Amino acid sequence: MAATVVSNKRVILKRYVTGLVSEDDMEVVTVEAPPLAVPAGSKTVVVKNLYISCDPYMRNRMTYHEEPSYVPDFVLGEVLVNFGVMKVISSGHQDFNAGDLVWGITGWEEYTVIDNPETLFKINHPELPLSYYTGILGMPGLTAYGGFFEVAKPKKGEYVFISSAFGAVGQIVGQLAKITGCYVVGSAGSDEKVNLLKTKFGFDDAFNYKKELDLEATLKRCFPDGIDIYFENVGGAMLDAVLPNMRVAGRIAACGMISQYNLEQPEGVYNTICIVTKRLRMQGFLVFDFYDKYYQIEEQIARYLKEGKVAYTEDVVEGLDAAPAALVKLFTSSSIGKQLVAVAREHKAEHANFI
Ligand SMILES: NC(=O)c1ccc[n+]([C@@H]2O[C@H](COP(=O)([O-])OP(=O)(O)OC[C@H]3O[C@@H](n4cnc5c(N)ncnc54)[C@H](OP(=O)(O)O)[C@@H]3O)[C@@H](O)[C@H]2O)c1
């Protein structure tokens, strides 16, 4: 009897991107799925993708670089790859079994063969919504926790400013800063987000950066005594406005600079002399720096979620057909919380209205 052919819907890169990424830069196609059983002797796993994450750094991978970037460019005509939540459907690797729930790098498609399953993390809290492993319990949570505690090194009572504070990383950093006993202010791109930062996420203050004509003066108003820690997600004009507002011996944890990702010519930053005069430490980091601490951090954040000490907001779209538009939303301030795509819903906890 002939084997049943399984189809595999996927999102591919149609053309390299210049300027603002658009839906037309990607295409949703259907191809034949790979064999769903791994061949004997193979150390690969085959996964069914349940949720895939939309993350700002994907924009960098959509540009063609003459010189290698810190992550490889996507390949034209090939499936996009990024973090996702998956169920293992067959495994040739000793550490994985069919039915395991995992998160890590996968394809923007229904089924993916993963050649290096040792890069995947096991999901230890399936009682929490699985989609959280694209965000607060996954890569953005690890980034927020590691960047805040290991790079910014906060102390109780310090003044903390977070840009893109309603994003996946920012909303977590703000709440960790409040748990630490800091004074916390965030910026976001709409009044609705500003309001939620203050009501749902417990920020002491927040402002809509799109409505402020003089960001340096706004920050002076929010921090009359200056900023100890700037958690940098935006770059450009915001970084320039922050520098004169930093306190002596302040720290800038440079997580990302989303305002620059769609520009062909990056903006200049002019107030860099403040790094000298205020004896600042500005340090970049990548989430991989904290991979070895993931399971400890997962436990801590899962505990906070269960105790109701942190809130979380997601923006979920349904199905791979909606994925290209969802990615574009990151760059138009249209996402309300962590942006992700539900590819297949089949787990008991995933409809849970946890928070
Ligand atoms: N270092 C690492 O390993 C690492 C890991 C994860 C993320 N990151 C970086 O961390 C930052 C936040 O990531 P995320 O996952 O939290 O983002 P996210 O949830 O995808 O949110 C992105 C938000 O950025 C804001 N934004 C977009 N364009 C902007 C612009 N031109 N100026 C100011 N704000 C803009 C928008 O919100 P508004 O409504 O506020 O405009 C948007 O909703 C990004 O820079 C990302 O690249 C770094």
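The following dialogue discusses how to read the fold of this predicted model.

Colleague: How many helices and strands does the protein chain have?

Modeller: The protein chain contains nine helices and 15 strands.

Colleague: In which sense do strands β8 and β9 pair, parallel or antiparallel?

Modeller: As a general idea, side chains in a regular strand alternate between the two faces of the sheet. In this structure, β8 (residues 159-162) pairs with β9 (residues 183-188) in the parallel sense, over four bridges. Within that pairing, Val-160 has Val-184 as its bridge partner. Between β8 and β9 the chain passes through helix α3 (residues 168-180), and this β-α-β crossover is right-handed.

Colleague: Which residue in β11 stands opposite Ile-162?

Modeller: Phe-231 in β11 stands opposite Ile-162. Strand β11 (residues 227-232) runs parallel to β8, and three bridges join them.

Colleague: Why does the radius of gyration of the protein chain agree with a compact globule?

Modeller: For 355 residues, a compact globule would have a radius of gyration near 20 Å, and the protein chain has 21 Å, so the two agree. The C-alpha trace spans about 75 × 45 × 35 Å along its principal axes.

Colleague: What share of the residues is buried?

Modeller: Buried residues, those under 20% relative accessible area, make up 53% of the 355 residues. The protein chain exposes about 15500 Å², of which carbon and sulfur atoms supply 53%. Among contacts between residues at least 6 apart in sequence, 69% join residues at least 24 apart.

Methods. Residues numbered from 1 in each chain as written. Predicted model: local features only at pLDDT ≥ 70, side-chain atom pairs only at ≥ 80, totals over all residues. Heavy atoms only, no water. Pairing = 2+ DSSP bridges. Helix = DSSP H or I, 4+ residues; strand = E, 2+ residues; numbered from the N terminus. Right-handed = clockwise from strand over helix to strand, strands pointing away. Rg over C-alpha atoms; globule rule 2.2 N^0.38 Å. Buried < 20%, exposed > 50% of the residue type's maximum accessible area, 1.4 Å probe, protein only. Contact = heavy atoms within 4.5 Å. Areas by Shrake-Rupley, 256 points an atom, 1.4 Å probe, with all protein chains shown as cover.
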